[in-house]
Amino acid sequence: MINIDEIDKRILRLMQSDATLPIREVAERAGISQAPCWRRINALKESGVIMRQVAVLDRHLLGFDLTAFVRVKLSELTQAKLEEFEVSAINLPEVQELQLISTENAYRLRVVVPSIAAYENFFRNKLGRLPYVEDVAAAFVVSEPKYAMELPI
């Protein structure tokens, strides 16, 4: 964990809500001048706290209307097999998140696709063909009252 102060937290909150804000505006809202603000942002980037700056897209406007949380159990749980599965799953663009869940000895994937038919295609032609996949169970999102990407700092 890295040591950050209240000014860094203000900067991070501002950047989480809108990473396109000019340094001048971030500095003003954070209560510091531009040069120290720029140095702090660069230090946060160099330390890895700010991993990257991206645009958050509206998936529905782009036609990705179905989200599935998929549990994948593998037939073998050796380190080499886990790594091989992870490399394969990471390379599937439909997979938005990939986590190894300790209590289930399984992976949890968040998958985004246009439709149920697209999910079936993804399952049959991609996910089901990954190495060591033994069991797959999917739960489909019906409603999404909250979707946040901002950390509560």
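A salt bridge here is a side-chain nitrogen of Lys or Arg within 4 Å of a carboxyl oxygen of Asp or Glu. With that criterion, a search of the whole structure turns up 10 salt bridges. Before we walk through some of them, some bookkeeping. This is a predicted model, in which local features need pLDDT of at least 70 and side-chain atom pairs count only at pLDDT 80 or more, while totals for chains, interfaces and linings use all residues. Residues are numbered from 1 along each chain as its sequence is written, and side-chain values use heavy atoms, with hydrogens and water left out.

Let's start with Asp5 and Arg40, whose side chains meet in a salt bridge at 2.9 Å, N to O. Asp5 sits in the segment before helix 1 (6-17) and Arg40 in helix 3 (residues 34-46), so this pair ties together parts that are 35 residues apart in sequence. (Helices are DSSP runs of H or I with at least four residues, strands are runs of E with at least two, and both are numbered from the N terminus.) Asp5 is partly exposed at 34% relative accessible area, and Arg40 is partly exposed too, at 23%. For reference, buried means under 20% relative accessible area, exposed means over 50%, and partly exposed is in between, using a 1.4 Å probe and protein chains only.

Glu6 and Lys9 make another salt bridge, at 3.7 Å, N to O. These residues are 3 apart in helix 1, which means they are separated by about one helical turn. Glu6 is partly exposed at 44%, and Lys9 is partly exposed at 27%.

Then there is Arg59 with Glu144, where the closest N and O atoms of the salt bridge are 3.3 Å apart. Arg59 lies in the loop between helix 3 and strand 1 (66-74), and Glu144 in the segment after strand 4, so the pair ties together parts that are 85 residues apart in sequence. Arg59 counts as buried at 18%, whereas Glu144 is partly exposed at 34%. Salt bridges that share partners also join Asp5, Asp8 and Arg40 into one network.

Two strands count as paired if DSSP finds at least two bridges between them. Strand 1 and strand 4 pair in the antiparallel sense over 7 bridges, and Lys73 has Asp135 in strand 4 as its bridge partner.

Leu98 has Leu109 in strand 3 as its bridge partner.

Arg110 belongs to strand 3 (residues 106-113) and is buried at 9%. Its side chain makes a polar contact with the side chain of Glu97 at 2.8 Å. (A polar contact is a pair of N or O atoms within 3.5 Å; within protein, one must be able to donate a hydrogen and the other to accept it, and residues adjacent in sequence count only if both atoms are side-chain atoms.) Leaving out residues up to four places away in sequence, Arg110 touches several others, among them Thr67, Phe69 and Tyr147, where contact means heavy atoms within 4.5 Å.

Finally, Tyr119, Phe122, Phe123 and Phe140 form one aromatic cluster. Rings of Phe, Tyr and Trp (its six-membered ring) pair if their centres lie within 6.5 Å; planes under 30 degrees apart count as stacked, over 60 as edge-to-face and the rest as tilted. Tyr119 is buried at 8%. The rings of Tyr119 and Phe140 have centres 5.2 Å apart and planes at 85°, so the pair is edge-to-face.
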